[in-house]
Amino acid sequence: MRVNQILFFLILSLLLTLGCRKEIKRNYIVIGSTIDIDSFNPYLSTSLFTQDILDRVYLRLAVEHEDYRTFTPLLAKRWEWSKDSLQITFYLRNDVYWSDGVKTTAYDVEYSFKAAISPELAWLNAEDIVRNIEDVKALNETTLVVKYRYVYPYQVMDINDVWIVPRHIYEKIPFSEWRKNGFFDHNPVTNGPYKVARWERGQLIELVKNERYFDKNYPKIERVFVKIVPNESNLTLQFLNGEIDVLPSVSPSVADKYGGDKNLKFVKYPHLAYEYIGWNQKNPIFADKKVRQALSYGINVDEIINVILKGNAVRSTSPFPSIFWAHNEKLKPYPYDIQRAKKLLYEAGWRDSDGDGILDKVIDGRKVDFKFTLITNAENQTRKEVAVAIQNDLLKLGVKMEIQLYEFNTFMRHILDRNFDAVLSGWRIATKPDLSSLFHTEAIKSGHNIVSYSNPYFDKLNDSAAVLNNLASAKKIWDEIQEILYEDQPYTFLYEPVRINGISKRIKIETVKMNSISFLFNLHEWELR
Amino acid sequence: MILKRILNAIFLSLGISTVVFLLLRILPSVSFADLYLSPRLSDETIARIKSSYGLDKPVLIQFFVWVKEIAMGNFGFSFIYRKPVIECIFDAFLSTLIIGLPALIYSFGLGIVVGVQLARKKGKAVDKFVSVFLLILYSIPTFWVGIVFILIFSYALGFFPSSGLRSFNFNEMSFVEKIFDLFWHIFLPSFTLGIAPMSAVARFVRSHTLKVLSQTYVKMAKAKGLEERLIFYRHVLPNALLPVVTLFGLYLPVFLAGSVVVEQIFSIPGLGKLAIDSIFKRDYPLTVGITLFVSFIVIFGNLISDILYTIFDPRIRLE
Amino acid sequence: MIARKKIFWVSIFVVFYLVLADLIAPFDPIMSLDRENLSSLPPLTRVYEINLKDGGKVIAFDYVKQGEFVYYTQKFSRGRVKLEDLKNVRSLLFVFGTDNLGRDVLSRTIYGGKISLLVGIIASFIALFVGLIVGVFAGYFGGIIDKVLMRITDVFLAFPKLFLVLVVVSLSSGQTIFSLILILGLLSWMGIARFTRAEFLKLKNMEFVLALEAIGFPDLKIALRHILPNAILPSLVNMPLLIGDLILTESILSFIGFGVQPPTPTWGSMISEAEKSLLSTWWLPIPPGILISATVLIMNWASEIEE
């Protein structure tokens with residue numbers, strides 16, 4: 001009997017709990033994410049998501065727009081070029097304060113530059129800045145002089161990439177100690193429209209309006225939560241439920257199914273990234289360019305896009321995505337043409353001499369079947385499905401492909417060691433065109449030329465294009481380079497995924513701007529209904 | 001002698017951690033693999049980063065450094081979290097406990113009660129029906145159960161939150177409200193975690209109680225005319241519940257080391273999730289630290305159940 | 001039914017299943033007939049396979065004969081074929097629907113069961129083999145050998161499981177079915193070893209053994225003829241239980257991401273893939289989930305000893 005009483009009491013208290021949930025009027029929004037940020041110190045972070053968030057709390061010199069060419073003033077009111085263009089002088093605002101009351105000055109920028117180029121800190125994006133910028137000096141609180149080693153098209157972009165951090169706080173710790181210190185993650189001092197109210201690791205981040213922000217009109221929404229839900233289905237569930245207002249990445253099938261929901265809106269925009277199959281040209285099977293072309297003709301990429309991505313991608317034809325200015329618009333994607341593929345394979349010497357349905361060829365005196373293994377990383381469900389589709393398609397040509405999944409770390413190891421036959425992966429491109437690390441002959445040993453592609457003509461052209469200051473003439477050379485790659489097919493360029501974001505109708509959609517720079521591009525301007 | 005066993009446990013966990021330490025360094029990996037996603041990363045930068053973490057030294061030297069630090073009580077510094085390993089483990093452990101302890105209590109408590117009652121009512125419809133039900137509960141994969149619960153109780157009915165340990169405005173709540181908020185959040189994950197152990201315990205207790213019931217001395221007591229209830233609670237029960245102690249030792253790691261599956265589905269930042277993240281990101285100090293901690297718990301748990309067994313059953317003595 | 005009889009019947013059933021699975025599955029579990037049209041169809045969807053005399057096939061959701069032509073509708077388009085070119089039209093039913101790549105869920109579940117069962121059974125044999133050897137040796141020889149073997153068992157027990165998985169996977173060049181079976185075996189032999197050793201010790205001290213020793217029977221013969229069979233028997237009887245557990249473990253490993261390579265289906269990997277698209281294709285995890293539960297249920301039932 002006692003047991004029954006205990007049970008009764010438990011159920012009663014349970015019901016009481018449920019009844020006590022108060023409905024709170026929500027004047028805040030919740031952004032959902034499967035991953036947490038890794039640090040509030042921009043120089044220690046490696047994830048793009050973190051940078052999205054950090055860009056809301058730290059101000060840069062200027063706002064970079066989605067064409068990656070236009071910059072509008074932010075911390076800097078204006079800037080002036082010297083006559084020889086080797087120097088830019090930035091005039092900063094006088095009314096920007098860090099969240100602890102200290103003024104943001106040019107000395108902060110000077111210090112931040114030192115951090116960016118510090119070899120002890122080893123910031124991973126330092127390379128260009130170290131190479132191109134000679135010095136950064138603060139003349140006074142509001143004047144900053146940047147000296148460049150030479151004139152090149154990305155001078156403003158490079159100095160703008162420097163994150164501006166509060167010197168009076170950060171200089172307490174020497175650069176060499178930064179990576180070993182959790183100091184920066186507690187109560188970060190920032191100067192953007194939002195400041196960090198709290199960070200509960202693995203659970204949530206709370207951003208609140210920065211009272212000291214120089215533009216009193218912003219931010220419009222005063223409280224923003226970032227809720228971390230590692231399980232993607234759970235996250236999507238909460239979005240559909242209304243518990244989460246913004247989803248940075250929605251799977252195509254969900255967007256497809258719930259596209260008609262009145263309370264939700266799905267925003268799609270192209271991404272500066274592309275997916276590809278890399279053929280390891282050290283493997284004799286893939287050494288002949290006819291074979292690589294044949295494989296490109298033999299994969300039905302359009303169907304992959306329609307079926308697996310539900311149409312949310314664009315065919316890729318080159319390592320420059322379609323929205324990038326250097327992209328060669330004249331190149332048409334390889335059509336799905338089995339006959340042509342078979343013909344090319346035949347011309348390359350592949351026959352089915354033993355009638356087993358798999359092509360074979362005599363290489364170095366031995367009969368070799370057209371068999372190989374495609375590797376990709378296990379965490380990516382889409383890539384798994386794409387791999388299976390490719391496997392099916394290639395079988396129709398008489399090519400046998402096995403799939404091998406690796407956990408991310410092991411996968412990276414294989415890629416860097418060039419230990420694979422073919423790899424299914426993707427790149428996010430830098431905002432400056434430069435293909436040397438991917439396809440240059442010198443990058444085979446040390447660099448990211450993981451497929452060991454070598455074409456001296458490409459090398460020459462690439463080197464000449466990268467140093468041109470006139471972007472129009474550079475474009476002509478880039479176009480030619482892309483034609484070479486189109487012909488040589490060191491990769492089979494698959495598709496450029498379209499990013500899908502979900503946003504609740506609680507937020508006035510006309511105030512929201514999402515683009516390839518960030519889905520939170522103008523978070524401070526968003527308004528609630 | 002108990003001291004000897006405890007020392008044994010410590011050495012064993014140190015041993016396991018050593019093995020893990022060495023294996024980690026041998027495993028194919030790319031330190032800080034995330035960095036390589038940037039195609040323009042230079043080898044020099046990677047070299048510098050590695051050296052700042054001491055990863056460029058030969059493995060044996062790294063090992064001795066590690067041993068020295070452990071001896072001084074410093075269990076390392078996590079790469080990912082930039083916090084001492086002890087702190088990371090402590091925080092995660094709290095979250096795991098908050099789900100694990102209630103699950104432990106209810107699964108063993110309910111399990112024992114149900115098992116005993118079923119044994120008493122053996123053969124009746126209730127017994128058959130509930131036994132089959134328990135079997136089904138045990139057979140369904142935990143993560144499936146978790147997902148179904150979220151779909152029903154969180155998504156469809158909205159009774160419980162589907163993730164996390166507390167609400168946004170937790171800090172502004174009164175003490176009582178905080179308690180309720182916590183309870184509201186841990187209910188589903190805790191419940192999900194305990195279902196399989198609960199049915200295992202119930203079935204185990206039932207079969208063992210029946211075994212005891214069929215033993216000679218019980219039959220004798222019945223023949224003597226003792227009241228059934230008295231026999232049951234005074235004689236049968238204590239003997240039947242004894243082996244539950246071994247089950248306790250067996251299930252302790254499940255509740256204390258965190259169930260990766262439950263934590264993943266319900267987004268609980270517990271020890272299981274921490275372990276997985278640290279392994280996948282090759283955060284060596286954290287992985288080794290967690291191994292040390294968890295293996296110690298497991299060995300210690302077995303030790304406790306052995307000790308409890310000796311205390312309750314005078315017939316058995318530790319060798 | 002006593003346990004042995006139940007196990008017998010279950011084994012017969014399992015063997016039949018393994019042999020006939022390929023025949024029972026209505027569609028190819030690996031390749032879809034028409035990836036584009038058949039993708040993500042809900043349960044009980046009927047489609048039509050329009051077969052032409054020249055061997056061509058068209059998959060359509062609906063068709064109608066009008067005059068000289070047969071008009072059909074597909075997912076994104078419509079078309080027609082000449083009546084004179086038509087050979088026949090077959091009606092296909094997808095009982096449990098299809099997955100994202102247009103593959104029949106029922107066929108994949110049936111075929112996947114074959115893989116899951118094989119993996120579970122072979123792994124359980126490995127676990128049994130290792131566990132019995134360790135347990136018997138420890139029990140028979142005693143002394144130092146016993147202590148050493150038990151320490152090794154303790155290490156394996158306390159070793160973080162996930163880490164063990166990672167090590168095996170990494171050292172055996174990737175996730176193949178073999179490394180999966182190996183992992184499962186390595187994770188499960190310890191319980192058997194401990195239990196067998198305990199039984200061996202118990203039997204060693206029993207009266208009938210002492211009696212045999214007193215008569216003068218050689219040790220080894222006693223061990224082999226009398227103790228061994230009785231020590232191993234409980235573990236053998238519990239095999240189905242072990243298989244059931246291993247199938248569950250395989251599903252958890254797949255969930256974390258250490259399952260088999262695509263496109264091979266196993267119940268566990270089907271559920272883990274389905275979990276990601278739960279909201280749009282809710283039917284995907286149900287058949288494998290039910291079948292895992294049912295299989296484990298049967299295995300547990302087979303191991304139970306009725307009073």
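**A walk through chains B, A and C**

Let's start at Glu87(B), which sits in helix H4 of chain B, a helix that runs over residues 85–120. Keep in mind as we go that this is a predicted model. How exposed is Glu87(B)? There are 14 C-beta neighbours inside 10 Å, so Glu87(B) counts as partly exposed; the class called partly exposed lies between the buried cut-off of 20 or more and the exposed cut-off of 12 or fewer.

From here, turn to the place where chain B meets chain A. Contacts there link 41 residues of chain B with 43 residues of chain A. Which elements of chain B give two or more residues to this side? They are helices H2 (43–52), H6 (142–156), H7 (175–213) and H11 (260–266). The most comes from H2(B), with five residues. Sorted by class, the side of chain B that touches chain A holds 23 nonpolar residues, along with 11 polar and seven charged ones.

Our last stop is chain C, where an unreviewed UniProt entry annotates residues 7–27 and 115–141 as "transmembrane region". What does the model show over these spans? Residues 7–27 of chain C are 86% helix and 0% strand, with 31 Å between the end C-alpha atoms. For residues 115–141 of chain C, the figures are 100% helix and 0% strand, and the end C-alpha atoms lie 39 Å apart.

Notes:
Residues are numbered from 1 along each chain as its sequence is written. Chains are lettered from A and ligands numbered from 1 in the order in which they are written. This is a predicted model: local features need pLDDT of at least 70, side-chain atom pairs count only at pLDDT 80 or more; totals for chains, interfaces and linings use all residues. Two residues are in contact if their C-beta atoms, placed from the backbone, lie within 7 Å. Helices (H or I, at least four residues) and strands (E, at least two) are DSSP runs, numbered from the N terminus. Ala, Val, Leu, Ile, Met, Phe, Trp, Tyr, Cys and Pro count as nonpolar, Asp, Glu, Lys and Arg as charged, and the others, Gly among them, as polar. UniProt positions are given in the numbering used here, feature names are shortened, and annotations may be inferred rather than shown by experiment.
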